Protein chains: 2
Amino acid sequence: MGRILGIDPGTTGMGYAILDAVGQGGSLVASGMVEVPKEAPAAERLLAIGTALDLLIAEHAPVAVAVERLFFNRNARTAMAVAEARGVVLLCAARARLPVAEYTPGEVKLAVTGNGGADKRTVQRMVALLITLERPITADNVADAIAIALTHAQRASFASTVAKALE
Amino acid sequence: MGRILGIDPGTTGMGYAILDAVGQGGSLVASGMVEVPKEAPAAERLLAIGTALDLLIAEHAPVAVAVERLFFNRNARTAMAVAEARGVVLLCAARARLPVAEYTPGEVKLAVTGNGGADKRTVQRMVALLITLERPITADNVADAIAIALTHAQRASFASTVAKALE
């Protein structure tokens, strides 16, 4: 499958994970949070996110980007800020000519734990089993970014198996 | 005040207006729609918007960008797509180091017509009175983009009058 950049855009920052996918798991090349000052104007926050994404793509040369698809389950203002950040993620991926895959939180939970309604703890435990982590992940957005990259790895691996079987 | 780039991001495209602001009005340097294929994936639509914005900024060298602030009054899916486009607008402005002002639809109506609840027709008639148009504007997003640029011109002109009076 190759190297996947997983992104979880949030309001306080953006979690990212660079995963070298192998089968259902793989190894984590890099992960972390792009922290964004909460009080900064939207344009400045999005600039920080866009700059960080361009650097991550240039440094790690992923072959695909996977990002969480947004739902409007909570606060509309929060949802709008996250959608703006998603717009920046999609733009940076498109400018780097990288394919983008989007997964809902339910799809991510299903892919990683086998249960679309799994809680955050279970997702984090499964992530730790599927990939080798040098230290435990503490930030929720980072764990989610890894889970999203893993989801894409599984989907792409399954799609390629089906394609081969049909040949 | 100088040259203002007004933007109205929509789902079928992005209206833009380049206004050379003078007093309450000014002259329209350019205006139009960046059309975006509706069936295209989000990343491609946002790439078209980002590329067009970069070109508009490079060609017309505005000193400020004014963009409509979003409200979640309608369809959540539509609102999300518009927020993603807004994210791209804010990013492009920030990368060009241009200040960004955001106005709600009510603020725009109030500034242009004196009535925050004015209908689209009234806004478009007032726009035609305030600036010299070579031909009538037919697209709603373009009329809105001009109205947003006019709103910023008025606000900035008022702020500068107040600042001078206080000196």
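A polar contact is a pair of N or O atoms within 3.5 Å; within protein, one must be able to donate a hydrogen and the other to accept it, and residues adjacent in sequence count only if both atoms are side-chain atoms. Let us start with one such pair: the side chains of E102(B) and R86(B) make a polar contact at 2.7 Å. E102(B) sits in strand β5 of chain B, residues 100–103; helices (H or I, at least four residues) and strands (E, at least two) are DSSP runs, numbered from the N terminus. Setting aside neighbours within four places in sequence, E102(B) is in contact (heavy atoms within 4.5 Å) with A42(A), V67(B), R69(B), R86(B), L90(B) and E107(B).

Before going on, a word on what you are looking at. This is a predicted model, in which local features need pLDDT of at least 70 and side-chain atom pairs count only at pLDDT 80 or more, while totals for chains, interfaces and linings use all residues. Residues are numbered from 1 along each chain as its sequence is written, chains are lettered from A and ligands numbered from 1 in the order in which they are written, and side-chain values use heavy atoms, with hydrogens and water left out. Chain A averages a pLDDT (the predictor's confidence in each residue, from 0 to 100) of 89, and 97% of the residues score at least 70. For the complex, the predictor gives an ipTM of 0.84 and a pTM of 0.88.

How do the two chains relate? The same surface serves both copies, as 100% of the contact residues of chain A recur in chain B.

Now look at where the chains meet: 22 residues of chain A are in contact with 22 residues of chain B. Between them there are four salt bridges, each a side-chain nitrogen of Lys or Arg within 4 Å of a carboxyl oxygen of Asp or Glu. One joins D54(A) to R95(B), with the closest N and O atoms 2.9 Å apart. On the side of chain A that touches chain B, α1 (42–60), α2 (76–95) and β5 (100–103) of chain A each supply at least two residues. Of these, α2(A) gives the most, with eleven residues.

Finally, a pair within one chain: K120(A) and D144(A) meet in a salt bridge at 3.2 Å, N to O. This pair links distant parts of the chain, with K120(A) in helix α4 (residues 120–130) and D144(A) in helix α5 (residues 140–166), 24 residues apart.
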